[in-house]
Amino acid sequence: MNTGRKAEPSTRVLQFEVKDGDITVSGRVSLAIRDVNDNPPYFMNLPYRLEIEEGVKQLNQSVFWVTAHDPDDGVSNMPQYFMTVRIISMIHSTLSQRELDLMVSSFYCEGSGADHVYNTTFAIKNPDFGNITLERELDYEQQTYYEYTVTSVDKGVPPCPGPGCKCNNFTEPNVVCEGIPAIFTVSVRDVQDTPPSFLKLPYYVSIYENVTNGTSIFGVNAIDGDRGVPNKISYTIFSGLGAEYIGVVQLGNITANATVSVTVLDVNDNPPLFNRSSYTLTVQENTPTGVPLVLNDTDFIEVTDRDQSVNSQFSLRLEKDGETYTVFDTLPKVDTTIQGTTTVTIRVQNSSVLDYEKVKSITFQLIAQETKTAEKFFNSTTVTVFVEDVNDNSPVFLDSTPSSGNLTINKNIDRDAGETSFTLMVVATDNMKGDENNRRFARRRVVIHVLDINDNAPVFDTHVPSVRVPESIEVNTTLMTLTARDKDVGENATVTYSIQSIEPMSDLHFFGIISTSDPDSSGSLFVRLPSLECLRQIQLYHDHGD
């Protein structure tokens with residue numbers, strides 16, 4: 001007999017009658033029904049749903065209570081509570097579509113790396129009480145929905161539900177009683193605590209350098225990080241750390257930024273340019289091929305094309321009077337493709353032209369021209385090369401022009417003493433201030449003839465006597481013949497005799513003198529007129545010098 005104690009009073013009064021013929025005997029018996037733990041606890045106030053804000057406001061606090069009732073008596077009436085994670089296949093049919101969507105978006109899968117965090121976010125710490133506590137900080141952006149299975153077991157012996165609990169089923173003694181678990185769902189409510197985020201990162205854009213102001217070049221898009229309560233987003237551009245950023249600002253001044261990398265594409269708008277408009281260089285004559293020239297007024301020749309990639313590729317060439325010039329070449333070599341910038345060395349290519357005695361300077365054009373562009377921009381600079389003389393010619397004596405060398409006399413020369421000529425070997429030497437091993441010589445035999453000057457007076461061979469003559473001496477009578485000699489030569493040694501003076505002068509016409517030259521120069525004094533009374537003294541000679 002199933003007494004059904006949970007539905008009836010626990011004490012029953014039984015009436016008994018015993019009949020023996022006409023005799024009836026009655027009696028009363030009180031029956032106390034003892035409880036059997038045959039009912040599992042059942043949950044009350046279902047469904048169990050919690051909506052809670054993300055964050056840490058209720059961390060380590062009770063956030064929900066579950067309650068179960070057990071109709072048994074004693075310890076069998078004391079439920080205990082346990083909670084485990086519920087997998088998605090056990091979603092309760094009473095969830096709204098939004099709750100289902102949120103739950104699916106944060107689907108929990110056993111065995112994943114998030115198991116421990118998910119399992120321990122909510123917990124029932126004390127199984128004797130149905131209070132559920134928040135054990136971890138909630139983050140809407142990480143997890144929006146939680147679902148747990150809550151079970152209750154009483155403290156009966158054996159406990160129910162469990163293998164020893166018959167659940168009022170006496171007709172089927174092997175049936176194990178199973179309680180009905182409750183589903184505890186948690187929806188996390190978003191709060192404004194997450195900055196916005198940009199979509200489709202990273203951002204790269206390429207534009208041409210000559211794009212006009214106001215041209216739209218790129219679009220960016222961002223969403224609020226708080227998906228549950230999104231705010232309006234605005235965009236701005238700001239600079240920092242040497243780069244430009246796109247920034248977004250939403251209500252509450254929560255910001256985020258992203259780097260936009262803008263690649264500026266080159267436009268061919270720069271020709272090659274030299275660092276100077278002209279250069280002067282020097283080179284020694286007869287310099288061998290391949291030797292670089294020396295720059296005079298700068299440290300280097302440089303040419304640069306400020307464009308990029310193929311727009312900055314150019315080559316060099318040399319021209320003179322519009323024609324290719326090959327006396328010199330360049331390094332980098334002519335027609336070699338150059339990228340961006342280079343220094344240029346000018347070298348000798350044809351040394352035969354470098355003759356200082358024929359050419360003192362050479363002027364030509366150094367040209368840089370683009371090679372891979374349609375425009376073929378070019379630029380040129382003027383190069384002037386001064387040829388320096390080297391000691392490659394010996395001195396040459398010139399017969400037609402005066403010598404630049406001066407001979408000086410170290411002592412007096414007396415030709416009358418026999419110094420009539422001198423023979424000299426004159427040596428012309430160049431590069432006297434340079435290396436003596438790099439000197440050249442020329443020799444010339446010079447004969448110096450000493451010319452006579454009239455520096456000697458004639459001298460009579462003998463003393464000029466005094467002559468006494470009678471006043472009646474005949475005209476043309478030779479009174480005496482005298483000889484004088486001169487140490488000079490030539491005309492300076494020719495002696496002519498004459499009467500230079502007489503006292504008194506009025507008597508000069510009474511005498512005459514005749515000069516002879518063969519064989520020796522002599523003078524004969526003779527009487528020209530008679531009457532010699534007043535003759536006192538006459539001078540008879542002079543030479544032909546100055």
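Thr384 is buried, with a relative accessible area of 16%. Buried means under 20% relative accessible area, exposed means over 50%, and partly exposed lies in between (1.4 Å probe, protein chains only). This is a predicted model: local features need pLDDT of at least 70, side-chain atom pairs count only at pLDDT 80 or more, and totals for chains, interfaces and linings use all residues. Residues are numbered from 1 along each chain as its sequence is written, and side-chain values use heavy atoms, with hydrogens and water left out.

**Confidence**

- pLDDT is the predictor's confidence in each residue, from 0 to 100.
- The protein chain has a mean pLDDT of 80, and 81% of its residues reach 70 or more.
- Residues 1–5 have a pLDDT below 50. Beyond near neighbours in sequence, this stretch has nine contacts in the model. Contact means heavy atoms within 4.5 Å.
- Residues 100–113 also stay under 50 in pLDDT. The model gives them 23 contacts beyond four places in sequence.
- Where pLDDT is low, the predicted coordinates should not be read in detail.

**Around Thr384**

- Thr384 sits in strand E28 (residues 378–388). Strands (E, at least two residues) and helices (H or I, at least four) are DSSP runs, numbered from the N terminus.
- Leaving out residues up to four places away in sequence, Thr384 touches Tyr279, Thr280, Leu281, Ile362 and Thr363.
- The side chains of Thr384 and Thr363 are joined by a polar contact of 3.4 Å. A polar contact is a pair of N or O atoms within 3.5 Å; within protein, one must be able to donate a hydrogen and the other to accept it, and residues adjacent in sequence count only if both atoms are side-chain atoms.

**An open sheet**

- Three strands form an open sheet in the order E32-E36-E35, with antiparallel pairing. Two strands pair if DSSP finds at least two bridges between them.
- Strand E32 (478–482) and strand E35 (511–516) are the edge strands, and each pairs on one side only.
- On average, neighbouring strands of this sheet are turned by 20 degrees against each other, direction ignored. Axes are lines fitted to C-alpha atoms, for helices over the stretch in contact, and angles run from 0 to 180 degrees between N-to-C directions.
- E32 pairs with strand E36 (residues 522–527) over four bridges, in the antiparallel sense.
- Thr478 has Phe526 as its bridge partner in E36.

**Salt bridges**

- The structure holds ten salt bridges. In each, a side-chain nitrogen of Lys or Arg lies within 4 Å of a carboxyl oxygen of Asp or Glu.
- Arg189 and Glu51 meet in a salt bridge through their side chains (3.1 Å, N to O). This pair links distant parts of the chain: Arg189 is in strand E11 (residues 182–189), Glu51 is in strand E4 (residues 48–53), and they are 138 residues apart.
- Arg189 is partly exposed at 34% relative accessible area, and Glu51 is exposed at 52%.
- Lys125 and Glu135 form a salt bridge too (3.4 Å, N to O). Lys125 lies in the loop between strand E8 (122–123) and strand E9 (131–134), and Glu135 in the loop between E9 and strand E10 (145–154).
- Lys125 is exposed at 56% relative accessible area, whereas Glu135 is partly exposed at 24%.
- Asp329 forms a salt bridge with Lys333, and the closest N and O atoms are 3.6 Å apart. Asp329 counts as buried at 9% relative accessibility, whereas Lys333 counts as partly exposed at 43%.
- Salt bridges that share partners join Glu51, Glu53, Lys57 and Arg189 into one network.
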